Amino acid sequence: MTFWWSNDNYGQLLQCYALQKYLRDAGHDAYLIRYRNMKRSPLWKRMVKGLNPYLLYKYLLSNIRRNKIILEQSNNNRGFEQFREQYLVQSERVYHSYQELKDSPPQADCYIVGSDQVWNFSFCKEIKNNAVIHAYMLDFGNPNTKRMSYAASWSMDSLSSKLIAEIRPLLQRFSYVSVREEQGLELCRQCGYEDAELVCDPTLLLEAEEYRNLYRSEGVQPPQYKYLLLYMLNNQCDFDIQKVYDFAKQRGLQVVYVTGNGVLDKREKRFATIPEWLSLVDNAEYVVTNSFHCCVFSSLFGTKFGVVRLKGKFAGMNTRLESLFKQLEMEPRWVGDDFAVMDKDYTARPVEKSKRFLELLNATN
């Protein structure tokens, strides 16, 4: 169980694809549980907000922005739904609530949650009986079904005492816990789980050639000119992307600009399919991004890259990159006012795959 529904976040779909392929190649009948919480706030809460001029103004602005994103996505199909249908084995039904998971749980010998930010509960404002927390802590189905996490990301620096109290008994039901960031080990300890393992992101479980075969099998051809790939998600950062265009111009490169998570601006964009995006990362002269997974694929393909720090409520997500650089034994490749790191060569150490994870999985009856 992981995030799967995006129509413009390449990393989300590829981490799901990678873990499923890794499990199926190892002989397991793995499939995606299509859970997506669609629960709306109670009517009385929405009515109260509607009576507050400030909240009503924010709601209207948010709706206008959401409609613009929907329109842009509908006018520029990136083929994400086709990718899911072609490359992912999925549950027959979509679970729209935690209650649906409890009432009609997916059948399996083992449930696995992860990767991606499945344990980032910073957005959960009401802790008590929070359905999203219980869903991603696999609190459904037969109690005897094995529960495991693979590279679950908290993307938080700390947990409140209320959140710890809610998670602690749920985490004790897991037979194996692994996380993607070092900070996640400490958060697991705070929740009473001492034996968590630090593992690589699932996209690193596959070799670069497997991703190249994916885009080559689709007949994807790279641009016939030298370019810099700029891939930006709609996460807050203090960065002027005009500097990227200036950097590219100095080196005689064109900029191929791809966005995700609903970035809206007036610059010319490329609405790449997932295989096309892989090809763009692989064949770029440079990559500049604020995306964790774009950094992963840049390192897999050996492409020179620089990453933009996130700030504000997104700052805790920088721990993902710090752990990645440490795992790959690379010098951090942050860019800001200084782009010097872009021309530095690097060697990414091949990651070690968890033997413990597969041994415990293979022992599942």
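Serine 178 is buried, at 0% relative accessible area. This is a predicted model, so please take everything I say as computed from predicted coordinates. Serine 178 belongs to strand 5, which covers residues 178–179. A polar atom of the serine 178 side chain sits 3.0 Å from the backbone nitrogen of alanine 151. Which residues does serine 178 touch, not counting those up to four places away in sequence? They are Ser149, Tyr150, Ala151 and Ala152, and then Glu197 and Val199.

Now the overall picture. The protein has 365 residues, and 52% of them count as buried. There are 14 helices and 11 strands. If you take contacts between residues at least 6 apart in sequence, 74% of those join residues at least 24 apart.

Next, asparagine 9. It lies in the segment before helix 1, and helix 1 runs over 10–25. Is asparagine 9 buried or exposed? Asparagine 9 has a relative accessible area of 12%, and the cut-off for buried is under 20%, so it counts as buried. Its side chain has a polar atom 3.0 Å from the backbone nitrogen of glutamine 12. Leaving out neighbours within four places in sequence, asparagine 9 is in contact with Phe80, Tyr231, Leu233 and Asn261.

That brings us to helix 1 itself and its packing on helix 11. Two packed helices are described by the angle between their axes and the distance between the axes. For helix 1 and helix 11 the angle is about 100 degrees and the axes are 11 Å apart. The range for roughly perpendicular is 65 to 115 degrees, and therefore helix 1 and helix 11 fall under that heading. On the helix 1 side the contact involves Tyr10, Leu13 and Leu14, and on the helix 11 side Ile274, Trp277 and Leu278. By type, the residues of this contact are six nonpolar, no polar and no charged. An α-helix has 3.6 residues a turn, so residues three or four places apart point the same way.

Staying with helix 11, residues 274–283, how many of its 10 residues are buried? Eight are, and the helix is mostly covered. The buried ones are Ile274, Pro275, Trp277, Leu278, Ser279, Leu280, Val281 and Asp282.

The crossing of the two is right-handed. Helix 12 contributes Phe292, Cys295 and Val296 to the contact, and helix 13 contributes Arg320, Leu321 and Leu324. Sorted by type, that contact has five nonpolar residues, no polar ones and one charged.

Now valine 89, in the loop between helix 4 (80–87) and strand 2 (90–95). Its relative accessibility is 34%, which means that valine 89 counts as partly exposed. Where is valine 89 relative to alanine 30, 59 residues apart along the chain? The two C-alpha atoms are separated by 7.4 Å. Setting aside residues up to four places away in sequence, valine 89 touches Gln20, Arg24, Ala30, Tyr31 and Leu32.

Last, some backbone geometry. The peptide bond from glycine 114 to serine 115 is cis, and its omega is near 5 degrees. Serine 115 is in the loop between strand 3 (110–113) and helix 6 (131–136).

There are also two residues with positive phi to look at. Leucine 138 has phi near 60 degrees, a positive value in a residue other than glycine. Leucine 138 is in the loop between helix 6 and strand 4 (146–149), and it is buried, at 0% relative accessible area. Glutamate 329 is not a glycine either, and has a positive phi of about 55 degrees. Glutamate 329 lies in the loop between helix 13 and strand 11 (334–335). Which is glutamate 329, buried or exposed? At 55% relative accessibility, glutamate 329 counts as exposed.

That is what I have. Questions are welcome.

Technical notes
Residues are numbered from 1 along each chain as its sequence is written. This is a predicted model: local features need pLDDT of at least 70, side-chain atom pairs count only at pLDDT 80 or more; totals for chains, interfaces and linings use all residues. Side-chain values use heavy atoms; hydrogens and water are left out. Helices (H or I, at least four residues) and strands (E, at least two) are DSSP runs, numbered from the N terminus. Buried means under 20% relative accessible area, exposed over 50%, partly exposed in between (1.4 Å probe, protein chains only). A polar contact is a pair of N or O atoms within 3.5 Å; within protein, one must be able to donate a hydrogen and the other to accept it, and residues adjacent in sequence count only if both atoms are side-chain atoms. Contact means heavy atoms within 4.5 Å. A crossing is left-handed if the near helix is turned anticlockwise from the far one by less than a right angle, and right-handed if clockwise. Ala, Val, Leu, Ile, Met, Phe, Trp, Tyr, Cys and Pro count as nonpolar, Asp, Glu, Lys and Arg as charged, and the others, Gly among them, as polar. Axes are lines fitted to C-alpha atoms, for helices over the stretch in contact, and angles run from 0 to 180 degrees between N-to-C directions. Angles under 35 degrees count as roughly parallel, over 145 as roughly antiparallel, 65 to 115 as roughly perpendicular and the rest as oblique.
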